[in-house]
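Some notes on this model follow. Please read them with the structure open.

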Amino acid sequence: MSSFRREDAALTKVPEVTLGFWIIKILATTLGETGGDSVSMSWLGETTAAAGKSAVNGYLVATAMFGLALILLVWAQIKAKRFNPWLYWATIVASTTCGTTLADFADRSLGVGYPGGSLILLACVLLSLFAWYKTLGSISINSVATARAETFYWITITFSQTLGTALGDWVADAGLGYQGGAVLFGAGLVLLAILYFTTRISHVALFWAAFILTRPLGATVGDFLDKPVAKGGLEFSRPLASAVLAVVIIALIIILPQHAARRRYPTGSFARISARRPRSAPPPPE
């Protein structure tokens with residue numbers, strides 16, 4: 001029994017899902033949009049007069065930069081012995097900036113378009129979740145305590161961050177604009193919260209739906225902050241907006257409690273032994 005209790009109380013390496021978690025997540029996705037655009041569009045020239053004339057594709061170069069940072073941070077996250085809020089949120093920001101530039105590269109440079117990019121990435125998210133479930137038997141964040149589970153977790157997150165960028169751009173471009181898109185996705189999150197507290201719909205499914213929806217919300221808010229006034233934005237400086245968002249996120253990580261989520265089911269040697277051991281052994285033959 002003591003082994004069961006030790007395993008049952010073990011901590012994961014992802015944060016407990018609280019209101020603070022969702023606030024930081026939305027801000028991180030907004031930072032991913034403004035930060036990704038700062039590098040690909042402003043610094044590498046994808047929205048300047050020289051765009052298309054250079055042999056260097058800004059979206060592709062930015063994706064390679066953020067992708068390398070993401071790989072290194074995921075490696076550090078998997079190697080870490082316990083939950084580290086600074087490492088976790090740095091990895092989230094890396095995934096959302098990489099998702100921003102990767103989605104822009106697919107939608108604009110490869111010519112897939114917003115609808116095509118959104119559908120392809122939605123399929124990637126669903127396939128990742130399916131493979132995760134078939135391999136480990138659970139896609140709950142309360143099971144993210146092994147290297148294999150963390151690998152699936154970060155692959156799924158990166159796909160969802162990329163999907164969110166394409167989906168946010170698609171909705172804004174379809175006629176709702178950045179403000180309308182933000183209202184739509186914000187309303188979607190409110191609906192998911194109502195379903196969470198008033199229905200018996202799987203909380204795991206609602207979590208991933210909310211996790212995906214926070215990304216297009218952040219994308220539309222980020223675009224609203226830095227896009228030109230003529231296109232419905234406020235035309236704030238992208239680097240300045242990114243810096244302000246980063247400072248707010250850092251302050252919230254310091255102020256808000258950051259605790260690791262707890263495993264809800266026993267794992268490890270005790271679980272394996274228990275799974276193999278019959279409930280009652282037959283008496284030995286006389």
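1. Start with Gln 161. Leaving out residues up to four places away in sequence, Gln 161 touches Lys 25, Thr 29, Ile 92, Ser 95, Thr 96, Gly 99 and Arg 215. Gln 161 itself sits in helix α6, residues 147-198.

2. Is Gln 161 buried or exposed? The residue is buried: its relative accessible area is 0%, and the cut-off for buried is under 20%.

3. Next, helix α7. This helix covers residues 203-226, a run of 24. From first C-alpha to last it reaches 35 Å. That is close to the expected 34 Å, taken at 1.5 Å a residue. One of the contacts of Gln 161, Arg 215, falls within the residue range of α7.

4. Why is α7 largely enclosed by the rest of the structure? Because 18 of its 24 residues are buried.

5. Look at the start of α7 as well. There, Ser 202 places a side-chain oxygen within 3.3 Å of the backbone nitrogen of Val 204.

6. On confidence: this is a predicted model. The mean pLDDT of the protein is 83, and 84% of the residues score at least 70. Helix α8, residues 238-255, has the highest confidence, at a mean of 94. Helix α9, residues 269-276, has the lowest, at 34.

7. Two stretches call for a separate entry. Residues 1-9 have pLDDT below 50, and this stretch makes 12 contacts in the model beyond near neighbours in sequence. Residues 265-286 are also below 50, with 9 such contacts.

Methods
Residues numbered from 1 in each chain as written. Predicted model: local features only at pLDDT ≥ 70, side-chain atom pairs only at ≥ 80, totals over all residues. Heavy atoms only, no water. pLDDT = per-residue confidence, 0-100. Helix = DSSP H or I, 4+ residues; strand = E, 2+ residues; numbered from the N terminus. Contact = heavy atoms within 4.5 Å. Expected span 1.5 Å × (residues − 1). Buried < 20%, exposed > 50% of the residue type's maximum accessible area, 1.4 Å probe, protein only. Polar contact = N/O pair within 3.5 Å; in protein donor to acceptor, adjacent residues only side chain to side chain.
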